[in-house]
Amino acid sequence: MTPEDVLAELTGLQAGDVPTHGGATMAYVYDSGLAGLDDLAAAAQAAYQWTNALDPTAFPSVARIEGDLVAAGLGLLGGGPGAVGTVTSGGTESCLLAVLAARERWRAHGRPGRPRLLLPVSAHAAFRKAAHLFDLEPVDVPVDPAGRADPAAVRAALDERAALVVGSAPSYPHGVLDPVTEIAGAAAAAGVPCHVDACIGGWVLPFLDDVPEPFDLAVPGVTSLSVDLHKYGYAPKGVSMLLTNDPEFRQGHWFATAGWPGYPVVNPTLAGTRPAGPMAAAWAVHRALGTDGYRELARTARAATVALAEGAAAVPGLRVVGRPVGTLVALAQDGPDGVDVLHLADEMTARGWLLQPQPPFAQPGGADLPGTLHLTVTAATAPRVPALLADLAAAARAAAALPPPVPDPGLVAAAATLDPATLTVAEVDGLLELAGVGGGRLPARMAPVHALVAALPRPLAERLLAGVLDLVHRPSVTSVRAG
Ligand SMILES: Cc1ncc(COP(=O)(O)O)c(C=O)c1O
C-alpha cells in the first residue's frame with residue numbers, strides 16, 4: 001500500500017471515534033484550542049519518537065528534558081530545596097509509584113501485618129489498582145455528601161498498618177478539593193506519608209485566584225504529589241510526574257538490578273524502554289506556553305466551568321455536586337423528581353457531546369453518593385458553553401420524559417447468585433448478551449447498562465466490565481496478518 005492509502009485507511013478507522021478537539025468531548029481529552037500548539041507538540045514528538053528514555057547516559061538530552069519538566073513542576077507545586085521527581089507515562093503510573101514507594105518505606109520500618117492504603121472513596125481508581133498490584137489493603141474512607149474527604153474519618157482510620165493516605169486536588173468524580181492541610185497533618189502526626197493526587201488539577205489550580213485552600217508540596221505532611229502533563233499541561237498522551245520533597249522517597253519506586261548477564265538495569269518507572277516522545281512534546285508545549293500561556297488557559301477554562309456550573313444548576317431537575325474548585329463539574333439529579341443523569345448522558349450523546357456518566361455509589365460507612373455526570377472543561381469548551389447549556393436544557397427535558405432506568409429485578413436477583421470468581425469467559429459472554437451488550441457492541445442508550453452495573457454486587461459488576469473489554473479486544477476478523 002502507498003503511505004497515502006495507509007493513512008487514509010487510518011483516518012477511516014477514526015471516523016467512529018469521538019472528536020479529540022473542539023471541546024465537545026468532556027472526558028479523556030484536553031484541547032487548548034490554540035492554533036499551532038498541537039503541531040509543535042507533534043513535531044517535538046516526532047523528533048524524539050525513536051529515542052529511548054531507558055538510558056539517559058546514551059541520550060543525555062532526555063535527562064535534561066526530564067529535569068526541566070520536574071523543575072517546572074516543583075516550581076509550580078511547592079517543591080522545597082532538595083525536592084526531586086520522576087517523569088512517568090501517565091497519572092495511573094504516578095499514583096502506582098507513589099504507593100509502591102510508600103509500601104517500601106512501610107516495610108523498611110518493619111511494621112506488622114499487611115500495609116493499608118487509606119483512600120477517601122473519591123480517590124482515583126488508580127490507587128485501587130496500586131493496592132491490587134502491590135498487595136496493600138485498600139481502606140475505604142467515607143467522603144461527605146459534597147464529595148470531600150472527611151478528616152475525622154481519615155484520622156480514625158490511621159493505625160500502625162497505615163502505609164499511605166491519599167488526598168485529591170481535586171477529585172476526578174466531583175472536582176472538589178480535599179482538605180489537604182487537615183489530612184496531611186493527621187497523617188504526619190501518625191508518622192504516615194500523604195500523597196496528593198493533583199493529576200488533573202495540578203497544572204490548573206496554581207494559576208487560579210479562587211482556590212480556597214492550599215494543597216501542594218508546601219503543605220506540612222504532604223510527602224508526594226502527582227501531576228499530569230497530558231491533561232492540563234496540554235501535552236499529548238503519555239506524560240505525568242511524581243514529585244516529592246524527600247529525595248529518599250523515589251528510591252522506593254526505582255528498580256535497579258545487576259542480577260543478570262545483560263546491561264545494568266535501572267528503571268525509575270514501571271517501564272523498561274521508555275518513550276521520550278511525550279516528554280519532548282510536553283517540554284515543547286511548556287516552552288511555548290510558559291507561565292503566562294498556562295495561566296490564560298487555566299483562567300479561560302475556569303471561567304467556562306463557573307458559567308457552566310451556574311447554568312446547569314439553573315436547569316430544572318439538576319444540581320451541581322459540592323463546590324468544584326477547578327475545571328471539573330459533576331451534575332446530579334435534583335430531588336426525587338429530578339432528571340436521571342444516566343438518561344441525560346445518553347441524550348447529550350445524541351446531541352453530539354460526551355458527558356461521562358458515573359453510576360450511583362454506595363459508600364461503606366457513609367451516605368450513598370448519587371449518580372453523576374462528569375464534565376472536564378478545557379479552554380476549547382469555553383466558546384461553546386452557551387450551546388452546551390442550551391443542549392443540556394433540551395436533553396434534561398427529554399430525559400425527564402423517560403421512565404427511570406431500573407434494571408430487571410429478576411435479572412439482578414439471578415445474577416446475584418453467581419460467583420464471579422468461577423465464571424468462564426464464555427459464561428461472561430453469555431451474561432453480557434442477556435444484558436444487551438453482546439459481542440461488545442454497546443447499545444446507543446447506555447443508561448440501562450449503567451443502572452444494571454450499579455445494581456449488581458461489586459465483584460460481579462467488575463467481572464462483567466472486564467468481560468465487555470474482553471469482547472472489544474478480540475482480534476479483528478480481517479487482521480493485518482491475514483492481509
Ligand atoms: C485525579 C486523577 N488521578 C489519576 C488519574 C489517572 O490518570 P491517567 O488516566 O493518566 O492514568 C486521573 C485521570 O483522570 C485523575 O483525574
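A polar contact here is a pair of N or O atoms within 3.5 Å; within protein, one must be able to donate a hydrogen and the other to accept it, and residues adjacent in sequence count only if both atoms are side-chain atoms. Hold that cut-off while we look at the ligand.

Quick housekeeping. This is a predicted model, so local features need pLDDT of at least 70, side-chain atom pairs count only at pLDDT 80 or more, and totals for chains, interfaces and linings use all residues. Residues are numbered from 1 along each chain as its sequence is written, and side-chain values use heavy atoms, with hydrogens and water left out.

Ligand first. Take His230: a polar atom of its side chain sits 2.8 Å from a ligand oxygen. For Thr92, a side-chain N or O atom is 2.5 Å from an oxygen of the ligand. For Asp228, the distance from a polar side-chain atom to a ligand oxygen is 3.4 Å. Now the area. On its own the ligand exposes 390 Å², and the protein buries 84% of that. Accessible areas are Shrake-Rupley, with a 1.4 Å probe; for residues, only the protein chains shown count as cover.

Which residues are around the ligand? Gly90, Gly91, Thr92, His124, Tyr172, Asp197, Cys199, Ile200, Asp228, His230 and Lys231. Being near means that a heavy atom of the residue lies within 4 Å of the molecule. By class, that shell has 3 nonpolar, 5 polar and 3 charged residues. The classes: Ala, Val, Leu, Ile, Met, Phe, Trp, Tyr, Cys and Pro are nonpolar; Asp, Glu, Lys and Arg are charged; the others, Gly among them, are polar.

Next, salt bridges. The criterion is a side-chain nitrogen of Lys or Arg within 4 Å of a carboxyl oxygen of Asp or Glu. The whole structure has 19.

One is Glu137 with Arg116, closest N and O atoms 3.8 Å apart. Glu137 is in strand β3 (residues 137-141) and Arg116 in strand β2 (residues 116-120), 21 residues apart. Helices (H or I, at least four residues) and strands (E, at least two) are DSSP runs, numbered from the N terminus. Is Arg116 buried or exposed? Buried, at 15% relative accessibility. Glu137 is partly exposed, at 23%. Buried means under 20% relative accessible area, exposed over 50%, partly exposed in between (1.4 Å probe, protein chains only). Arg116 and Glu137 also belong to a salt-bridge network with Asp159 and Arg161.

Another is Asp140 with Arg128, at 2.7 Å between the closest N and O atoms. Asp140 lies in strand β3 and Arg128 in helix α5 (residues 126-134), so this pair ties together parts 12 residues apart in sequence. Both partners are partly exposed: Asp140 at 26%, Arg128 at 28%.

Then Arg299 with Asp209, 3.3 Å from N to O. Arg299 is in helix α8 (residues 277-313), Asp209 in the loop between β5 (194-197) and β6 (222-228), so the pair ties together parts 90 residues apart in sequence. Arg299 is partly exposed at 36%. Asp209 is exposed at 69%.

Last, cysteines. How many disulfides does the structure hold? It holds 0, with the cut-off being a pair of cysteine sulfur atoms within 2.5 Å. Cys199 is in no disulfide either; its nearest cysteine sulfur, that of Cys95, is 4.1 Å away. Cys199 counts as buried at 7%, and it is one of the residues around the ligand.
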